[in-house]
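Okay, thanks for coming, everyone.

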Amino acid sequence: MLNFLNPMAFLFLLPLPVLFVLRKIRLFEKPSVPVILADWKGRSFAFSGKLFKFAFFLKHFMLFAGYVFVVIAFSDPVIHHEQRVYVSRGNDVVFVLDISPSMAAKDMDGLTRFQAACKVIQYILEQNSGSSFGLVGMASDAVLAVPPTTDRTTFLERMNALTIGALGEGSAIGTGLGMAVFHLSTSSAPEKCIILLTDGENNAGSIHPETAAEIAVEYKIKLYTVGIGTKGNVPLEYTDPVTGKVSSGFLDSKFDSAPLQKLALLTGGRYFSGETVNELSSALNSINVHEQVDQSYQLKTIDECLYDRLLIISAFCFVFAWLLSQLILKESFE
């Protein structure tokens, strides 16, 4: 909400229409006798050309705008923003995101599976300001990209820094889940859950996915699994992050969703299939609604002052008007 702390400053705008009228009746013009340095009965100076006429008009407009901005600045405008400050703990969510080469398959409404997953994750973050989110990148190995945090900027920066193929070509689902469970085991959040987004089956790592799921149950952590992508031959273009070699062609996409369904059921969660961006978004929204926690919060008012910015704009207007008068209109001031 915009508010003016010194509205009396707007009174300085009242002389403008009066000055305009007085200028129109030429009250401020001094008596003068024209001296024509030309042929007898020659014409006095006049702007010739649209450029000069436009520059003359623009100069006066910028002077007018500069004065108006100064007046508005002295009226001390302030924008009031209301921000929620949560006084109770929200839920903790850790995404386990598959970054194996198959996630480069481009069958999600023009996006790769990885891009679609990142897009939907970002949307979920924007809708849940009170929850803490973490991220584990998973392929042949797993790495904690972001521990559970409410810092959305850091989360998105690190998620966007993940590279397909950087952790190998396999899918160590058990290792990824185990790492997520480890970082949620000590959390005091009222609700804790893991969301696994993958397009493959477990084929790497030393931890069996069901073992990780059983440990999750012990710590009251729910597991939701989401199978990404369509089945059949899908286009794929993949750049190896180590060698820089580009591979393109078609991927024979097929995997058994039964193990993912079983993992979710073991923890009281649910399996979702996401063959399009809309289906993926719907799946994560359903999880979000189911895991939502009622939080207490207070409204904090943050004031954003516009004084300095308006003075800078005003100075720009005056300088621009002066440059027009000197460089184009060739005016001199005595």
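So, which residue forms a salt bridge with glutamate 304? It's arginine 309, with the closest N and O atoms 2.8 Å apart. By salt bridge I mean a side-chain nitrogen of Lys or Arg within 4 Å of a carboxyl oxygen of Asp or Glu.

Quick housekeeping: this is a predicted model, where local features need pLDDT of at least 70, side-chain atom pairs count only at pLDDT 80 or more, and totals for chains, interfaces and linings use all residues. Numbering runs from 1 along each chain as its sequence is written, and side-chain values use heavy atoms, leaving out hydrogens and water.

The salt-bridge count comes to five. One of them joins lysine 262 and glutamate 210, at 3.2 Å, N to O. That pair links distant parts of the chain, 52 residues apart: lysine 262 sits in helix 7 (residues 258–266), glutamate 210 in helix 6 (residues 209–218). Helices here are DSSP runs of H or I, at least four residues, and strands are runs of E, at least two, numbered from the N terminus. There's also a network linking Asp107, Arg113 and Asp199.

Now helix 4, residues 152–161. Its buried residues are Arg152, Phe155, Leu156 and Met159; buried is under 20% relative accessible area, exposed over 50%, partly exposed in between, with a 1.4 Å probe and protein chains only. They span an arc of only 90 degrees around the axis, so they lie on the same side of helix 4, going by directions from the helix axis to the C-beta atoms. The face turned away carries exposed Thr153, Glu157 and Ala161.
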